[in-house]
Amino acid sequence: MSKNTIDIYKIGSKVKLAEDVFGHIIGVRIEGNNHITYECSWWNGRSHDSKWFHEDEIEANIAERQKIGFV
């Protein structure tokens, strides 16, 4: 059996969602063709929000990536 790996951002990674909005990754979803989306949460004043983002919509510290594998 071959083992396939992909790089993902770790749960808890701090991410930049917009020019002045920072949040944390709270979920990862992997779909067909290794399409990855991340659920991110952030504080907006007194309210707490969360939303799913495509990988290219967020900026995260590259050091916070990890490999996961599938058999």
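In the predicted model described here, Ile25 touches Tyr9, Lys10, Ile11, Gly12, Ser13, Val15, Tyr38, Glu39, Cys40 and Ile58, when residues up to four places away in sequence are not counted; contact means heavy atoms within 4.5 Å. Because the model is predicted, local features need pLDDT of at least 70 and side-chain atom pairs count only at pLDDT 80 or more, whereas totals for chains, interfaces and linings use all residues. Residues are numbered from 1 along each chain as its sequence is written, and side-chain values use heavy atoms, with hydrogens and water left out.

The protein has zero helices and seven strands, where helices (H or I, at least four residues) and strands (E, at least two) are DSSP runs numbered from the N terminus. Read along the sequence, the pattern is accordingly written β-β-β-β-β-β-β. Five strands form an open sheet in the order E5-E4-E3-E2-E6, with antiparallel pairing; two strands pair if DSSP finds at least two bridges between them. The edges of this sheet are strand E5 (47-54) and strand E6 (59-60), each of which pairs on one side only.

Within the sheet, E2 and strand E3 (residues 21-31) pair in the antiparallel sense over four bridges, and these two strands form a hairpin with two residues between them. In this part of the structure, Ala18 stands opposite Val21 in E3, while the bridge partner of Lys16 in E3 is Phe22. E3 also pairs with E4 in the antiparallel sense, over seven bridges, and here His24 has Ser41 in E4 as its bridge partner. The hairpin of E3 and E4 has three residues between the strands, and in it Asn33 takes a positive phi near 60°.

Buried residues make up 24% of the 71 residues in the protein, where buried means under 20% relative accessible area, exposed over 50%, and partly exposed in between (1.4 Å probe, protein chains only). The largest nonpolar core consists of twelve residues, namely Ile6, Ile8, Tyr9, Val15, Leu17, Ile25, Ile36, Tyr38, Cys40, Trp42, Phe53 and Ile58; a nonpolar core is a set of buried Ala, Val, Leu, Ile, Met, Phe, Trp, Tyr and Cys residues joined through side-chain atoms within 4.5 Å. E1, E2 and E4 each supply at least two residues of this core, and the largest share, four residues, comes from E4. In soluble globular proteins, nonpolar side chains tend to be buried together.

A search of the whole structure for aromatic pairs finds two. Rings of Phe, Tyr and Trp (its six-membered ring) pair if their centres lie within 6.5 Å, and planes under 30 degrees apart count as stacked, over 60 as edge-to-face and the rest as tilted. The rings of Tyr9 and Tyr38 have centres 5.5 Å apart and planes at 50°, so this pair is tilted. Because Tyr9 lies in strand E1 (residues 4-9) and Tyr38 in strand E4 (residues 35-44), the pair ties together parts that are 29 residues apart in sequence. Tyr9 and Tyr38 are both buried.

Rings also take part in arrangements with charged side chains, where a charge sits over a ring if NZ of Lys or CZ of Arg is within 6 Å of the ring centre and within 35 degrees of the ring normal. Lys14 lies over the face of Phe22, at 5.2 Å from the ring centre, and the charged end of Arg29 sits over the ring of Trp52, 4.1 Å from its centre.

Two further residues illustrate contrasting surroundings. Thr37, found in strand E4, is buried, with a relative accessible area of 4%, and, leaving aside neighbours within four places in sequence, Thr37 is in contact with Gly27, Val28, Arg29, Trp52, Phe53 and His54. Gly12, by comparison, is found in the loop between E1 and strand E2 (14-18) and is partly exposed, with a relative accessible area of 42%. Apart from residues up to four places away in sequence, Gly12 touches His24 and Ile25; Gly12 and Ile26, which are 14 residues apart in sequence, are 6.1 Å apart in space, C-alpha to C-alpha.

For the protein as a whole, among contacts between residues at least 6 apart in sequence, 44% join residues at least 24 apart. The protein exposes about 5100 Å², of which carbon and sulfur atoms supply 46%; accessible areas come from the Shrake-Rupley method with a 1.4 Å probe, and for residues only the protein chains shown count as cover.
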